[in-house]
Amino acid sequence: MCLAEMHRIPWIANQTPYRRLLFFPTMADQDQPFDLTQDIFIQSHPSIRVCTHFESQLTDKILAEFTSTAVDGAIGVAPTYGAKCALTSIAFATSTQVLLVRLSKSEKQGKQQKKKRKGKPVRLGRALVEDAILCNPLYEKFALKAERLAASLHLDVGRRITACVDLLSASTAGRDSFSGVMAGLGGEPLLRRKQTFALFKLEENDKAPIGTAALQSWAAWRAGTLPSMAESIRDLPRINTQAMHQDAIEFLAKTMRDADRLDTLKPTRVKNDVSSTFSNKSGSLNLKSLRYKTRVMRLSERQTIEIETIVEEKRTILKGRNVKVEGRAVNVKFENAFTGSKIKSVTTYGRAAPTLAEQKRARAILEVMLGTPNLIEDPFVRKIWLPSQVVTWPAPRHAQPLSLRFNSRPLNSSQIEAVNAILSDKDKDRLTVIHGPPGTGKTTVIGAAVVSTMASCSTRTMWLVAQSNVAVKNIAEKLADVGFFKFKILVSKEFHFDWYIYQHLGTVYTKLKCPSRHEHLYGKIRGNIVRSDDFPDDIVAAERRLLDTRVILCTLSMLSNDEMECIPMVAPIQTVLVDEASQIEVGAYVPLFSRWGRTLQKIVFIGDDRQLAPFGQDDIPNLRSVFEIEHLRSGAIFLDTQYRMPMHIGSFISKHVYGKRLKSVHKINSRLACRLVDVDMGREESAGHSWVNPPENAVAIQIARHYIKTKKSWRYITPYDPQRSHMEKELKAAKLPFEDKCFNVDSFQGNEDDHIIISCVRHDKLGFLSNQRRTNVMLSRCKQSMIICTSRAFVNGPAKDSLVWDLARHLGPKAWLSVEDVASGRFQSR
């Protein structure tokens, strides 16, 4: 939590201990020793001497003087982290002294230019610390979140640690909760709650007061030596990374670091889109969220919610203290009764708490570090992360081989190869990667594999998972399209029924070829949904709920939901197909392998690393999906024929994105299937941290009117969410269809429509178009035509060398339209 967020917690912001911590010298300016008085534990303690040293200043003597004070054999440890979650310093504490070591940014910087003392090389400071403290068997080390410390020691300073006690493991409370911290430090009766909260909610970075890390390390020592903690600590396993294989610690450390960095990318401020209508009952406020992406959620300990309202004609900010959410419905309670007459805005401050999947991932890594090796012995984990290790596959559970049995539509040779690989029980196919560019029938391959598996064997099960509920909807749509309905869709109660039916499954019926079947399909699929608050709680109930269903659809995060435990008892997780796998950071599979590895027989990754990347890759360049792991990608099956895009668009995408490997089959061969509109009066305007361009939307609405008048199916796509929101509002104001019409690019991968309208928005700088993967998604959604609203001067100027510029050159000058052409309807759309 950042300092700005701390001030939003009223009972913390004005506490004396919190203010006092701020007056400690910072990491950057403290060199001289000082005395620290603890006020975390109720029992008093003499002052603690704090000494700071750069690692280059460390000597055997300094470390010996410090360790001589560890008379009880216990040392508390607290790290500080800087940019990119890297370790910047470590505080070590005994009863009377804290040694804070500032780390060099790289090992090279810490070598002291190979200085010599008395003819002998001076050893690197971090090596001295490793020998004297970290791996010294004479001392037990105590830390909160010790697994993160161990991972950072490996990644950032190349060091190991032994005999390290994770204090949070002594607690049954959540590791990311304040209750867990209190329990790990000995329990609430021993602690001053407000002071403890203030200390452990401050960010651990190199700009934090030096007293923060010093006091945290001392608190860890105190907790580790409390008589009341002795029994629980005695039974805890110790972290010993010195005994771990290099590949294993590298896998664990990087997976944890990626998770930490992704957590920092979570927004600290979300403007919640809510309905203007509300009700006020018993002093609480009842609202309705309008968009799933910006919905109001239950608050974590790190969050507050603020309602901007009008009270007696004055703007007033009210802080919510309790939030209850049921689907779109939101109830907010306040310290005082809500009396506002109008809602101006609703804003959530602070990062969301870790999801269940994130918690399971962290727990799985912790367990390995604590000596339970199940995860790193899993054959799928070894195949992905530890390729140098021997992989022993479990014996197949089914003797009956599978064969291709799919007659709904013909498959091309690459699709047949992909389906056969999915059906194969051979060890070489236990982990299969399928690379499917846009329009190549990835979901058709999934449908063919499902139908064939169910027709070939009566006992096999398949779990079809994806990152998002939208992608799960796309799979359900394809299964319904080929006439397969014997599946269940697991949906969390947070993703409420009204969200799912009206915003997602509703599109299934409008996209199928036979409108007369809509009611029938609606009834069939509606009955396939199983909400998490309706999950069976025993095997008998699960059997009744699933009947003979052997195909389960859900998000990847759902596999971490504790409430679904009984469903895999009836439909074991044997074969898992992951759709849109190129959007999933590879560490997200850790909970799947740690929790369900005992039954998992096969996993198939389907995706395209030329489309959307995993969230966060722009900020974390070494973030990977399975497609960025070379030994996996090199054996991927390539779906080589696209059927969605008209020929000239398909051939362009093939040449500029897929190295001419992608063939096109389509009945439309006219260059006029793609047009560009020169919105020369367009202007980009800042909208928070994003952009809008109202003139481009004005032109897009004229195009939409033409499609509506001629009864054509269309969608609107833009790279920027404020532009999407603006277009939606303009359509609504014009009394034109607006629901399920406007999308940003990131939410539209896997979707398509006959006619696509695109607004590029930017006119002065390249912006979004610098990202080829996202631009590829934007340009590959149409089945019949695509019209791009942009500026010719922009395309030939700032956007030069982008895919849009390449496309304009590919199509030629005749592809350009003027605004007047659009106004008069002089444009071709099929």
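A residue counts as buried when its relative accessible area is under 20%. By this criterion, helix α8, spanning residues 193–201, is mostly covered in the predicted model: seven of its nine residues are buried. The buried residues of α8 are Q195, T196, F197, A198, L199, F200 and K201.

The protein as a whole has 830 residues, and 58% of them count as buried. Its secondary structure comprises 30 helices and 34 strands. Among contacts between residues at least 6 apart in sequence, 75% join residues that are at least 24 apart.

One of the sheets is open and consists of eight strands with parallel pairing. Strands of a sheet pair through backbone hydrogen bonds, either parallel or antiparallel. The order of the strands across this open sheet is β20-β19-β21-β18-β22-β23-β17-β24. The edges are formed by β20 (529–531) and β24 (637–638); each has a single partner strand, so one side of each is left without a neighbour in the sheet. Within the sheet, strand β17, residues 431–435, pairs with strand β23, residues 602–607, in the parallel sense over five bridges. In this part of the structure, I434 stands opposite I606 of β23.

Rolling a probe the size of a water molecule over the atoms shows where empty space is left. The count comes to four cavities of 30 Å³ or more. The largest cavity has a volume of about 160 Å³ and is lined by 17 residues. Of these, D425, R460, T575, Q601 and K602 lie nearest the centre of the cavity. By class, the lining of the largest cavity divides into five nonpolar, seven polar and five charged residues.

The second largest cavity holds about 60 Å³ of space. Its lining consists of I90, F92, V101, L103, R126, V129, L134, L153, V157 and R159. Two or more of the lining residues come from each of β4 (87–93), α5 (125–134) and α6 (146–157). Helix α5 gives the most to this lining, with three residues. The lining of the second largest cavity has eight nonpolar and two charged residues, and no polar ones.

The loop between α6 and β9 (164–166) contains T162. T162 has a relative accessibility of 9%, and therefore counts as buried. Apart from neighbours within four places in sequence, T162 is in contact with L134, C135, N136, K141, I239, N240 and Q242. One of these contacts, L134, also belongs to the lining of the second largest cavity. A163 is found in the loop between α6 and β9 as well. The phi angle of A163 is near 50°, a positive value in a residue other than glycine.

A positive phi is also found at K711, with a value of about 60°, although K711 is not a glycine. K711 lies in the loop between α25 (694–709) and β30 (714–718). The relative accessibility of K711 is 77%, so this residue counts as exposed.

Two further loop residues were considered. F338 is placed in the loop between β15 (329–334) and β16 (343–349). Because its relative accessibility is 2%, F338 counts as buried. When residues up to four places away in sequence are not counted, F338 touches F278, N280, G283, L285, I307, T309, L318 and I343. F338 and V311 are 27 residues apart in sequence, with a C-alpha to C-alpha separation of 9.3 Å in space.

P798 is located in the loop between α28 (792–796) and α29 (803–811). With a relative accessibility of 37%, P798 counts as partly exposed. Not counting residues up to four places away in sequence, P798 touches H763, D764, K765, L766 and A793. The C-alpha atoms of P798 and L769 are separated by 9.8 Å, and the two residues are 29 residues apart along the chain.

Conventions
Residues numbered from 1 in each chain as written. Predicted model: local features only at pLDDT ≥ 70, side-chain atom pairs only at ≥ 80, totals over all residues. Heavy atoms only, no water. 1 Å grid on protein atoms, 1.4 Å probe; cavity = no way out; pocket = protein on both sides within 12 Å on 5 of 7 lines; lining within 4 Å. Points joined across faces, edges and corners; volume = space filled by probe spheres on them. Nonpolar A, V, L, I, M, F, W, Y, C, P; charged D, E, K, R; others polar. Helix = DSSP H or I, 4+ residues; strand = E, 2+ residues; numbered from the N terminus. Buried < 20%, exposed > 50% of the residue type's maximum accessible area, 1.4 Å probe, protein only. Contact = heavy atoms within 4.5 Å. Pairing = 2+ DSSP bridges.
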